[in-house]
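Me: I would like to learn how to read a model of this kind, one feature at a time. Could you take me through it?

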Amino acid sequence: MGAMFFVVTMALYFAATVSYLAYLLWPTEALSKVSLGITAVGFTSHSIALAARMIGAADVSPPGFHEALSFSSWVLILVFLVVEFRHRLHVIGSFIVPLALISLVFAAALPETAPTLTPVFRTLWVHVTLSMLGTVGFAIAFVAGVMYLIQDGLLKSKRFNVLYSKLPALDFLDHLNQQSIVTGFPLLTLGIITGALSAEFSRGSYLNWNPEQTWALVTWVFYFVVLMGRLTVGWRAKRAAYLTIIGFAGVILTLIGVVLKSHGPVS
Amino acid sequence: MHIVVVGLSHKTAPIEIREKLAVPESRMGEALTRLCSYQGVREGILLSTCNRVEVYAVVDEIESGYGRIQDFLADAHLSLSSEQLTPHMYWHEGDRAISHLFRVASSLDSMIVGESQILGQIKEAFEVALTHKATGIILNKVVKKAISVAKRVRTETKIAEMAVSVSYAAVELAKKIFSDLSEKTVLLVGAGEMAKLAARHFIANGVRHVRVTTRNPQHALELASRFGGTAVAFEEFREDIASADIVLVSTGAAHYLVSEDDVQRSVKQRMNRPMFLIDISVPRNIDPAVRHVDNAFLFDIDDLKTRVEQNRGERLNEAERAERMVVDEVGVVRQWLQSLEVTPTIVALRARVDDIKQAELDKTLGRLANLSAPERELVESMASSIVNKLIHNTMVTLKAEVNSSEGVAFIEAARRFFSLGDPAVSNVNESASSASETCHSSQEDIRGIDELAPRTSSKMPDH
């Protein structure tokens, strides 16, 4: 059952992505309702797929990257729906929904249960959940950063096009960027700590400097600096947008590293 | 029974005529009473603004109705005869009258398309008409629909959002940088007319902190007190730029007053919080090189004008979409009005009770399988006779009242009692269902329209 809903979800997110991208370029507002409707149905289907998986397997098999990516895609949509309902900011869907789709497509490309060394399932579930929530925070910051740079560019070059009229105010995007990092950073921190704990359980050492752990720590330090820079010396606005985009690239590299390590390089 | 509009507007009559016909608020009640006293005028509402004077009415006959309303308008001013008015008037009936009202309410017929005051003015006119019991079931419904159409046009098209003045374009741009203007500070440098106007627009849009500087300190103090702000010494204003989120410059100086370095330093002081600089002076007072400073957004008079031109074009497109909405909505009202005609109502009523009768008969006869043919006929005829007796009085009353002033209310009631409503027009039916006589008003009606449209207190648009 879960697998069927997963496929349905993917189809709906694809339709929503197409619809949201059309909305971005079309002057009318009508498409936003259609897109939101498709997304909401997709989200429901996604929730069912995840719930089926949780009920079926949470206690007997460890979470793999399939689950992790599917979960982060679900949280992305959840965050989007919350922002949409609070701020009526349709255009953010044009950025988040495609990202959620990409995440889901990668999930689909990976086998459902990954070969993992760890027998300590519960710790691992916590580790994966926290890390993914942190990642979603950075993903939202990334989206806010991209939107910020686009709007900044349009204002600077005085191109008052459809995109300009649909994108929100710069300070709103900067605030969204800040909030996402402020929320995502502690979650990632906890994710790393629980990751280290499960590594200790399974391999007997907290940290063995494999590429995955190294990148995770580099990412952590990077976001720490970004956050401190914002709070102390005013790394906000355009600079924050650039930094969060770069940071998210780091997160993606980490994830790819993790996946390659588990599944072996693609031959 | 026909809906008509008779009136004149800025499109058909010069101000000299319009001002003579304008009915002041204080005499509105008296005028409405007079309007309703004309024979053949069943319901009426009078809309009087500085751009239009119009009477919407429900009349028995179109031609005589037109004449009486025109007489009524001419009566407002001693020096005018009805004939003198003729070249300036327009007369519409039926769909065209409804469509005209919808277009007026949606500000498609306004001097400045998209302005918002007309909706408030229609609301006021409607409230006065309700208070003086001048409207009835038809106009109540049509005017409420007009208000909701106007609201729909405002929310679904961008007709009202378009800035068509340079000073307002500045506010619109600021809103793409700052989502909440109320916590922002405006620094006004110089006292050019356009800058003052822009400052006023900013204040109207929530800005609470205004700082003013001019070469003449006295002048700055005066302006500051007028805007509820503080004055800043002209010699020191460069040091003050950092405290302002929005800098409006408009002086007669022939050189740059604000340099790239000034802005660069300010942005740094502001820890990269964005700044919005508007240079409305000619020659320019802010060095154009400021564009290269990150997180500072400079717009000069040409940029603002470009924006205004674009908005004019877009506004035309939006107006076209609004026109299509009006056409749709007129169709909805037309359907409702048709349902108020007596013959279709009687046909629908007959069909409805026959359906019920047949369904019940089928059910009962299905259980009484061993009845003989004559017995079955007996049961059937009993059912028919009950049904016929039940609706007999309704049918007779509907036919008898068709030409009375309350006929419409009877039809509406019959439709509701027997659930004959057309689903396509049910939303109209809900919004105004209370009227049971020609002149009716209730608190509910007034509350209803308050929810539909924002109140506007001023009677005259300031454009």
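**Reading the model**

Reply: Let us begin with one pair of residues: Val212(B) stands opposite Ala231(B) in β7(B). Strands (E, at least two residues) and helices (H or I, at least four) are DSSP runs, numbered from the N terminus. Residues are numbered from 1 along each chain as its sequence is written, while chains are lettered from A and ligands numbered from 1 in the order in which they are written. Please keep in mind that this is a predicted model, in which local features need pLDDT of at least 70 and side-chain atom pairs count only at pLDDT 80 or more, whereas totals for chains, interfaces and linings use all residues.

Me: How many bridges join strand β6 of chain B to β7(B)?

Reply: Two strands pair if DSSP finds at least two bridges between them; here β6 (residues 209-213) of chain B and β7(B) are joined by 2 bridges and run parallel.

Me: In what order do the strands of the open sheet in chain B lie?

Reply: The 6 strands follow the order β7-β6-β5-β8-β9-β10 (chain B), with parallel pairing. Because β7 (230-231) and β10 (296-300) of chain B each have a single partner strand, they stand at the edges, and one side of each is left without a neighbour in the sheet.

Me: Is Ser107(B) buried or exposed?

Reply: A residue is buried if 20 or more other C-beta atoms, placed from the backbone, lie within 10 Å of its own, exposed if 12 or fewer do, and partly exposed in between. Ser107(B) has 24 C-beta neighbours inside 10 Å and therefore counts as buried; this residue, in the loop between α5 (94-105) and α6 (117-131) of chain B, has a positive phi of about 65° although it is not a glycine. Lys158(A), which has a positive phi of about 60° and is not a glycine either, lies in the loop between α5 (121-157) and α6 (162-166) of chain A, and counts as partly exposed because it has 16 such neighbours inside 10 Å.

Me: What is the mean pLDDT of chain A?

Reply: The pLDDT is the predictor's confidence in each residue, from 0 to 100; the mean for chain A is 84, and 88% of its residues reach 70 or more. Over residues 114-118 of chain A, however, the pLDDT is below 50, and this stretch has 11 contacts in the model beyond near neighbours in sequence, a contact being two residues whose C-beta atoms, placed from the backbone, lie within 7 Å.
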